[in-house]
Amino acid sequence: MATLTHHDAVTAEYLEVSSGTRKTFIWIIIAGVLVLAAGLLIAAFNIGGHHEAAGAAHGAAAAHGGAAEHHGSPIWLKRLIMSLWHSNVFFLGVSVVGTVFLAIQSVAYAGWSVLLRRIMEALGAFVLPGGILLFLIFGLGLINHDIFHWTMPGIMDPKSANFDEIIYGKSGFLNIPFYLIRTAVYVGIWAFFTHKLRQLSLEEDLNGGTEYFHRHINISALFLVLFAVTSSMSAWDWIMSVDVHWFSTMFGWYVFASWWVSGIAAITLCTILLKQAGYLRWVQASHLHDLGKFMFGFSIFWTYVWFSQFMLIWYANLPEESIYFNQRLGGFGGQYTWLFFFNLVINFVFPFLVLMTRDAKRQMIMMKIVSIAILVGHWSDFYLMLMPSTMQENNGYLIEIGVALVFLGAFLILMTKRLSQAPLVPVNHPFLDESLHHTT
Amino acid sequence: MTKRFALGIFDDEDVLLHAVENVRGAGVKIYEVFTPFPIHGIDDVLGIERSRLPIAAFFYGLTGLCFALWLQIYTLGFDWPMIIGGKPHIALPAFIPVSFELTVFFCCHGMVITFYAISKLYPRWKTPVLDVRSTDDKFVVAIELKEGVDLGKVTQLLRANGASEVNEKEMSKF
């Protein structure tokens, strides 16, 4: 090994969040608030006024559940609450995928990704705030039962006019105390392990040695087992239960796949932005290439899971199952049809064709475009999971985009803050050298 | 046609990589390098152009996709329409698994056959081995001794770059 070229020694490099960058994040939030305000005004005063038939369609859509007719919040408020829930679930998922990706790298003894570990750790900064927000938004949704139909009073009481036998049959699982306990357990596990893995990594920076490396692997392995269960169950609780009469055994995987590929896109985008800002000079085209393979592969994986769910429901054509796709394909006057196909184009066709060649995966500009497209695409994928069942024909986009921008700004502030608290590269990681010499 | 080669034998892959770089840098053309296993980065230092096999693969895949769609649409839609589960005759979602499989099938077989053809790996082909140790634990750099290439100079160059021995060999099959 005598003649192996050695790169200059890696020194601790810190991210400095300039005031300009911080201002950009604030501007994103302000833009979000403005869009949100515009959306709320338009919705509250019904500008454009195409919702006259709302009541009639609502009754029709409720036919599958019996006496589901209820008058919740005004549309603008319901949309606001739903979009908060939607963006929070999406960003919480992206955030926890940072930790999951990190854990997988550890368990797999992966060397190539060591340079990117701090980015994955920083993504986890939103897990705890997002988890707490989840409870607050759930509480908001409880006031008029805007998010979850099964929280309606009397819906599980045979004597009530609201009684719904199908939902009553699920009451052992879907009741508010147990729901809150479960959510607390998911968020608790995710936040605890995110914190623990971050802590180990920081201690490794200070003290060195291989002890932290081995402990990181053990803790990561435990986390992955727990995450496998909690990710699937949180998907049922947070997303599938808005469609409380409907069920799909693929749903846990489907949501996981969506979170997962968005998380990888977020890691990629963050790496590229840091590199373009002059940081991470050891990150080469080879690292980008590997991230590109992940994005390419898991875009196909998401499509595979999506299709597995669609195909079985389409083929069996059972009314209780196919209502999900009826609503999204042509329901509510075709409101969601374009989004249904847009979802497939931006999340499958686009990354598939663009990232197919080796050169594209090694070019920053291509990877940047695709990772942004994937993030936008999967955000709208969650939109498509949540909105048709709750907002029905009263959906819109301005409020939702505004809320998403506010979340994005907050997410970036939290993430860059955590990123700037430690060296950008884990300088004492035993596999650091392998990552520096990574070639594909 | 018989060719003469100078064979530089190396014990270490990293030494080999740098030797290849330096030999090419000195203006000596390398005929081929034989190694017991694939070495990361050797195609770059040898200046081998990237294979165009992926482009061929894309078109094989496209052919497979078109064939699969034609097969299903023609047979199930026109030649012998049947009602299956009340679905339309041309039920695209049901065709996707078969289309996927045939795309992969055409792509793989096309690639393998193309690879064999361009590598001249067909039955009864005898592979000339310049030094049998290159299938075990040695790395062999072959430099063709054409007119104007001096064996002494090549030997010196290879030795200076870490070759443990330099042999001369004639081969008639190349």
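1. A residue is called buried if 20 or more other C-beta atoms lie within 10 Å of its own, exposed if 12 or fewer do, and partly exposed in between, with C-beta atoms placed from the backbone. The model is predicted: local features need pLDDT of at least 70, side-chain atom pairs count only at pLDDT 80 or more, and totals for chains, interfaces and linings use all residues. Residues are numbered from 1 along each chain as its sequence is written, while chains are lettered from A and ligands numbered from 1 in the order in which they are written.

2. Helices (H or I, at least four residues) and strands (E, at least two) are DSSP runs, numbered from the N terminus. In chain A, helix α5 covers residues 127–144. Its buried residues are Val127(A), Gly130(A), Gly131(A), Leu133(A), Leu134(A), Ile137(A), Phe138(A) and Gly141(A). Viewed down the axis of α5(A), these residues fall within an arc of 160 degrees (taken from the directions from the helix axis to the C-beta atoms), so they line one face of the helix.

3. On the other side of α5(A), the residues Ile132(A), Leu136(A), Gly139(A) and Ile143(A) are exposed. Just after α5(A), His145(A) has a positive phi of about 55 degrees.

4. In chain B, an open sheet is formed by 4 strands in the order β2-β3-β1-β4, with antiparallel pairing; two strands pair if DSSP finds at least two bridges between them. The edge strands, β2 (32–34) and β4 (165–171) of chain B, each pair on one side only.

5. Strand β2(B) is joined to β3 (residues 139–144) of chain B by 3 bridges. Val33(B) stands opposite Val141(B) in β3(B).

How values were computed
The expected span of a helix is 1.5 Å times one less than its number of residues.
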